[in-house]
Amino acid sequence: MKIGIDKIGFYVPRYFLDMTSLAKERNQDVNKYKVGIGQHKMAVISPSEDIVTMALEAANSILDDTDKAAIDTILFATETAIDYSKAAGNYVHRMLGLQHNIRILELKQACYAATGSLQLAIDYVRMQPDKKVLVLSSDVAWYGFNTPGESTQGAGAIAMLVSANPRLAEVHKGQFTTEELPDFYRPSYQEVPTVDGHLSIRCYNDMLKRVDPNTSYLYTCFHMPFANMAVKANKVFSNPISQDKIDVVKAFTQEVGNIYNGSLFLSLISVLSLAKESLENETIGMFSYGSGAIGEFFSLTIQEGYEHVFDKTKALSHLDSRDEINFKTYVEYMTFYKDKEVTHQYIASDFKAHKDNQFVLEQMVQGHRIYKKVSD
Ligand code: HMG
């Protein structure tokens, strides 16, 4: 029996900072960001959003009432958790109006947890093919002002509905490898990660070499902490894909930046949206990396008729319809983000939510978050 992704959706914040603005303020040659790192824009989370609202937007974009009734597990992957005890998925459950006999778990393994969640969901559905699992990833990649990682920041969420007889992609088993490494970590008392950027790139490539399947694919998607990581990975990969395919694989990341757990799947969405050829029956390679560290290579086979469940026009228009903000607003929003996550004080009336957002964070009361669905 085929098990895999029945539907996939994504959300990235509706505001972005152009890398030209960042380069000017940081006194850098803009080509370092646009050509060297490969980033054109950085998605910036607004004050009315958090990892829950982003996950809600992504999930709401794919789920209908029949899907909602069949979900019996939510796996929420994040490395930017908002609570040490309560799972962010609890808020998602309430706001999506899901039934009560559902299991909810939050999973962490740096940027790898979404892939781990997907594979656990696949095994779960294989045992109980009448069940569906909602796999969510949502993260804010925040390295801090004036740090080397600043140019690779971003934010966003992915939602995947895992089922038997999937309409989008059958997911195959992966090969994985783990080793404790000090390339990137964020102890609970730190607001931003400690990163050895150049070591992390070496660790990423070493892990890729260890799980390289030595198989040729038309497209291989890579975890992309910045767009040109795909170029670096493709160089060490045994069966590199062509330059025009790499351009497709990294196109969405170039416009968004790192979204941590969702980054690999944003690359898949980029391929689904921009591939010139039909992907029906095409098997796509997927390399997932999470610092700390773990690497997994798996593949998925795109199903016949996949375009009925993936609307590429909608995906492209989500990216194209975002609003540019200036450097001052970027500083204001990210200062707000870091203060909110530290002080846990927030009142929505301080900021107006973007007109296209369906879900907003209204208030935080002693750390408890209150959300609102705009159409309510
Ligand atoms: P840096 O050290 O400031 O940049 O930070 P650089 O000096 O290495 O330059 C970057 C590239 O731009 C180089 O190209 C330069 O030559 C080029 P490369 O040698 O790499 O091909 N360059 C220029 N090109 C054109 N015109 C110019 C110019 N100047 C320079 N004028 C770094 C770069 C990525 C290290 C930094 O942004 C960083 O630390 N980022 C965060 C960490 C990261 O993204 N690591 C990636 C692997 S780890 C991972 O993927 C896991 C992660 O997602 C977290 C998780 O798992 O949870 C991060």
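Predicted model: local features only at pLDDT ≥ 70, side-chain atom pairs only at ≥ 80, totals over all residues.
Helix H6 covers residues 113–127. At 1.5 Å a residue, its 15 residues should span 21 Å. The C-alpha atoms at its ends are 21 Å apart, which agrees. Of these 15 residues, 11 are buried, so H6 is largely enclosed by the rest of the structure. The buried residues include Leu 118, Ile 122 and Val 125. An α-helix has 3.6 residues a turn, so residues three or four places apart point the same way.

The backbone was examined next. Most residues other than glycine have a negative phi, and most peptide bonds are trans. Asn 27 has a positive phi of about 60 degrees, although it is not a glycine. Asn 27 lies in the loop between helix H1 (19–25) and helix H2 (30–37). Its relative accessible area is 72%, so Asn 27 counts as exposed. Gln 366 also has a positive phi, near 50 degrees, and is a residue other than glycine. The loop that holds Gln 366 runs between strand E17 (359–365) and strand E18 (368–373). Gln 366 is exposed, with a relative accessible area of 83%. A cis peptide bond joins Gly 292 and Ala 293, with omega at about 5 degrees. Ala 293 is in the loop between strand E13 (283–290) and strand E14 (294–302).

Aromatic rings were then considered. The whole structure contains 14 aromatic pairs. One of them joins Trp 142 and Phe 145 edge-to-face, at 5.0 Å centre to centre and with 80 degrees between the planes. Trp 142 is buried, with a relative accessible area of 4%. Phe 145 is partly exposed, at 27%. Tyr 143 and Tyr 260 also form an edge-to-face pair, with centres 6.4 Å apart and planes at 75 degrees. This pair links distant parts of the chain, 117 residues apart. Tyr 143 is in the loop between strands E6 and E7, and Tyr 260 is in the loop between helices H9 and H10. Both tyrosines are buried. Ring pairs also link Trp 142, Phe 145, Phe 327 and Tyr 330 into a cluster.

Two lysines sit over rings. Lys 41 lies over the face of Phe 16, at 4.5 Å from the ring centre. The charged end of Lys 86 is over the ring of Tyr 91, 4.4 Å from its centre.

Definitions and conventions:
Residues numbered from 1 in each chain as written. Heavy atoms only, no water. Helix = DSSP H or I, 4+ residues; strand = E, 2+ residues; numbered from the N terminus. Expected span 1.5 Å × (residues − 1). Buried < 20%, exposed > 50% of the residue type's maximum accessible area, 1.4 Å probe, protein only. Phe/Tyr/Trp six-rings, centres within 6.5 Å; stacked < 30°, edge-to-face > 60°. Lys NZ or Arg CZ within 6 Å of the ring centre and 35° of its normal.
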